[in-house]
Structure formats: C-alpha cells, structure tokens
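Dear colleague,

Please find the structure below for your review. My notes on what was found in it follow directly after.

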Amino acid sequence: MTLEYWYLIGAALVFFMQAGFAMVETGFTRAKNAGNIIMKNLMDFCIGTVVFMLLGYGLMMGEDALFGLIGIPNLDLFGNFSAFISGSAEGFTGASTFVFNLVFCATTATIVSGSMAERTKFISYCIYSAVISLIIYPIEAHWVWGGGWLVQLGFHDFAGSTAIHMVGGIAALVGAIMVGPRLGKYERNKEGKVVKVNAIQGHSIPLGALGAFILWFGWYGFNGAAATSPSELATIFLNTTIAPAVATCTTMIFTWIKNKKPDVSMCINACLAGLVAVTAGCNAFDAIGSLVVGLVAGILVVLVVEFIDLKLHIDDPVGAVGVHMANGIWGTIAVGLLANPSAPAHLNGLFYTGDFRQFGVQMLGFVVIAAYTVGFMLLTFFILKKTIGLRVSKEEEIKGLDKTEHGLPNAYADFAPSTLAIAYADAPIVEDSKETGKASVVEAIPIKKVTEIKEGVPKFTKVEIIFKEERLYALKEAFGKLGVTGMTVSHVMGYGQQKGKPEYYRGVPVESNLLPKVQVDIVVSKIPVRDIIETAKKVLYTGHIGDGKIFVYDVENVVKVRTGEEGYDALQDVE
C-alpha cells in the first residue's frame, strides 16, 4: 500500500509537468499565440483522458495478444468497477495503473505541440493528439511496458526515453516537416532555395525557464514513480539530478565558445535534454554513466537544433526534435553501453561487461519503434492535410492564433510596459554619459529640424527625442535643472541597421531590426530650444550609432484644459 501511495504521488508530479511543457512552449514562441498554446496543452490531456479511457488503456495494458504486438482491450473501468479499484497480485489497483499510464500518455502527445506551434489549426491538433493517445502510444507502450514482445526480449526503457520522448520527438519532426515553417522564418530566392535563416525569438525567456524548473521537479516523479525499493529510488533521484546538471553546464560552455556568449534558451533546452537522455536508464546507470549521458546530451541538443534549422530548414520553435527525439534515441542506446551491473536494474552494459546483447536489444527497440511511429504519423498527418488541412491561412498566422482560432484579442490583455521613469527611479543621477564609441556627436545623435528655428523670436516649439531607455533618468534630471516641468514619456520600437558583433538566438544570428527605445516629448517657449538640444546631446552621447535622434517642430498653439489658458501662459506651471 505504501508503494502505491508513492506511485500515485509520482503520477501527480508527472501531471504537473503539463504546466511545465505549457510554459516552455509559451515562452519560446510569440505572445500573439500564447492563449492558443495554453489551450493545446490543456486539451491534449483532457482529450487524451477520454480516448485513453475508451480504448488506449486496453490496448496498452490488456491481455497480451498477437505474439506481444497488442493488448486485448477491455472495459473493466466501466463494466467491472469494483474489481478495477481492487488490488491486484502486484499490489496496484487498476485505477492507480490507469492514472499512472494516462499521465505518461499525455506527455507523449504534448511534445508534438511545440514543434508545430504558431501555424497549426487547432482542430487538426486536437485530432492528431487524440490519435496519439488512442492508438499510436498505447501500442508501442504495450511492447515496452505492457508485457509485449520487446520487454520479453529484455528491452529496457525504465521511464520512457524511447516509448515517450523519442516517439513524441519523431511525431514532432514529421509534423514540423508536413506543416511547413512559420512565415518569415526562411527567405528563399526565385528558385526556391533558402538563402537566409531568420531568428524568430520567443517572447518570454522567464516563462521558458519556469517551465524547465517545473519539468525538472516533475521528472523526479516521472523517473522515480515506478521504483520498487528505497535504494532504487535513491539511484533514480541521483541520476535524474546529475545528467541534466551536466548537460546544462556542457551546453553553456559549448555555446559560450561557439557564439562568444552562453545561450540562455539552449541551456533551458539542455537541462531537458539531459533529463530525457537519462530517463531510459535512470535505474541502470551509476554516477559516471549519468555524467557521460549528460555530457553527450548537452552537445547533442545544440548540434541537432542548429542542424535541422540551419541545414535542413525545418522550423521547430521550441527544440522538441533536439530535446526529445535525439536524446530519446541517445538515452535508449546509452542503456546498452553504460548500464552498470551493480545498479538496481542489474543490466550488462557493453562498456562495463563487454556483452553486446543488451546493446543489440536496445538498438532493435529503437529502430522498430521509430519506424512504427514514422509510418503512423505520416499517415495521420497526410490524411489531415488532405481533408481539413493542417495549417492556418497566412492572414490568420500573421494576426496570431489567439485572435483567429479562439477569439482572444490578447493573452495579456491588461498588461502594459512599465513606465521607464519608474523602472529607473532608483538609478543614480548621471551628469554626463560615458563615451565608449567612436562615432561623432552628429552621427550618434542626429537632429532633424522639421521647421527652422529662429532664435529670439517668441514661439512654441516641440522637441521630440528618441533614445536608449537606460538614459531616461539622467535626461529627466538634466532637463529639470533647465526648468522643464513636464514631459511625455513613451515606449517605442526603433528600427535601424546596427553595426557590431552579431548576437545569436538558438544558433541563428539575430538582426536588430526592432529595438526598444524611449520617446520623450516636451513643448517649450521660455526655455531656449538650443539649450534643450545641447543638454540632450550631452546626456545621451556615448559615441555609438543609435545614441538617439532629436526632432524639432513648430507648434501653433498650446491649451491647458483645466484652466482654459492658451499660448505662453498654458506652458507655465506657476499657480
């Protein structure tokens, strides 16, 4: 009974991983599709529950038939409920086994969502998610865990590197190929050849990181729920900690050397890659084995993510193929190479014993399950594409799936960027900016005179300044000393060709097309316009292209709404 308690707690942890997948996918994609992604991650579990009840569970855990190829479905859940909730000879009730296997099934389905994000029809997603939970996953999982032919041969996939992650990753790859890339991801010439790969950055790295932490936490249940002894559980927890940590450190160093800076999103992918890779042999590796698994996973995830994007031109926004497919395969093979006979699983890894048998069985399982998954997913996606279609229209994709698929104007409806004056309220007062570049003042802060300024002639002049946001506090203080008592501050996005070293997002050079800027507008009459301009130039100048731009306009009149004053008097704040 105590073991079954942990079994169900582990199932609850795996269910919580749905939130992790949702956060990673949401963070790694654009805000205009956030609601759609949350909806998909909610519905793949809910739809999966319904179809797994009706058929999937029976195919997976039913009595073995056809030489271990399939389980015989039964409806004990509905027709013999008293027996279903009673303990079996193994000590687990049918109800606990159902819930445990259901949450794993849902994980397989949700992996596919990320690779096809931002351009897939919601109805098509619901259908292929149902197919995965109804037929595809239950059959191959029966081979591995339901008493099927592979487990009879000695195939070892303790928690699902193959049955869950590789299968989900292969389905993600097939889906990404068949649905095609997002608009603007690849630029092609007249012959259709890709000439440029563009980085489409996710809108929230913090959400992606939150998802990764949730997944790592849930993975202790994912790998450990089926442990049968304290020693085995401790071994699983140890390996589930070592492999992702080593993988993340490896990716950090690898991308730091390769791109001159450590890649945040790749490191998030790396910890998940290490978790995926160690899952098959989490009870079969020792500490050295899990370290090697993590080391390889950390490099493999970067190489695969960049290869399918830069060379194969397959658009996978979240790296599902590199994380789940590639490292699911690696984790499966690693059992045959690195299993230590002294570990709780007592398997004979090639590198420890020189025995090729376990390695051969692992290779057989990987090849057969991969071929089965490719065939079934190709058929599923082909039928969907030829009937209701897989992809939304160009107009829908541009507008965002939140609005077009769900009638949701914005997943962040009440969110607005904070006023930068508040953001920098605690910043120190800076009298003069530090010159770090070589551009002249004229190049760094060009002045556009919309109308001529004739010094000494009383008139109203609007000065509009666009500049880097970190200089706002210093500019505000400098203008205050001139006697400026009011200004309008706005967030804007600036476009320009910026020179310098390229930055990378997931291995793809990022073009600084739209950069966050601040726009300050003031109208003056008493204060000389030239003083405003020279003060702004002094505060904003660092010697870099992009320090800012100043625009000067004539203003016909000024009206103070509260008092009705017009002209010069309306600009004076003296009561």
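Arg 30, Glu 118, Arg 182 and Asp 315 are linked in a network of salt bridges, a salt bridge being a side-chain nitrogen of Lys or Arg within 4 Å of a carboxyl oxygen of Asp or Glu. This is a predicted model, in which local features need pLDDT of at least 70 and side-chain atom pairs count only at pLDDT 80 or more, while totals for chains, interfaces and linings use all residues. Residues are numbered from 1 along each chain as its sequence is written, and side-chain values use heavy atoms, with hydrogens and water left out.

Salt bridges

The whole structure contains 12 salt bridges. In one of them, the side chains of Arg 182 and Asp 315 meet at 2.8 Å, N to O. The two residues are 133 residues apart: Arg 182 lies in the loop between helix H8 (161–179) and strand E3 (186–188), and Asp 315 in the loop between helix H12 (287–311) and helix H13 (320–338). Helices (H or I, at least four residues) and strands (E, at least two) are DSSP runs, numbered from the N terminus. Arg 182 is buried at 4% relative accessibility, and Asp 315 is buried at 2%. Buried means under 20% relative accessible area, exposed over 50%, and partly exposed in between (1.4 Å probe, protein chains only).

Another salt bridge joins Lys 537 and Glu 534 at 3.6 Å, N to O. Both lie in helix H21 (residues 529–540), three residues apart, about one turn of the helix. Lys 537 is buried, with a relative accessible area of 17%, whereas Glu 534 is partly exposed at 36%.

Aromatic pairs

There are 18 aromatic pairs in the structure. Rings of Phe, Tyr and Trp (its six-membered ring) pair if their centres lie within 6.5 Å; planes under 30 degrees apart count as stacked, over 60 as edge-to-face and the rest as tilted. Phe 15 and Phe 45 form an edge-to-face pair, with 4.8 Å between centres and 65° between planes. Phe 15 belongs to helix H1 (residues 2–27) and Phe 45 to helix H2 (residues 34–61). Phe 15 is partly exposed at 43%, while Phe 45 is buried at 16%.

Nonpolar cores

The largest nonpolar core has 111 residues, of which Leu 272 and Phe 381 touch the most other members. Such a core is a set of buried Ala, Val, Leu, Ile, Met, Phe, Trp, Tyr and Cys residues joined through side-chain atoms within 4.5 Å. A second, separate core of 22 residues includes Ala 478 and Phe 479.
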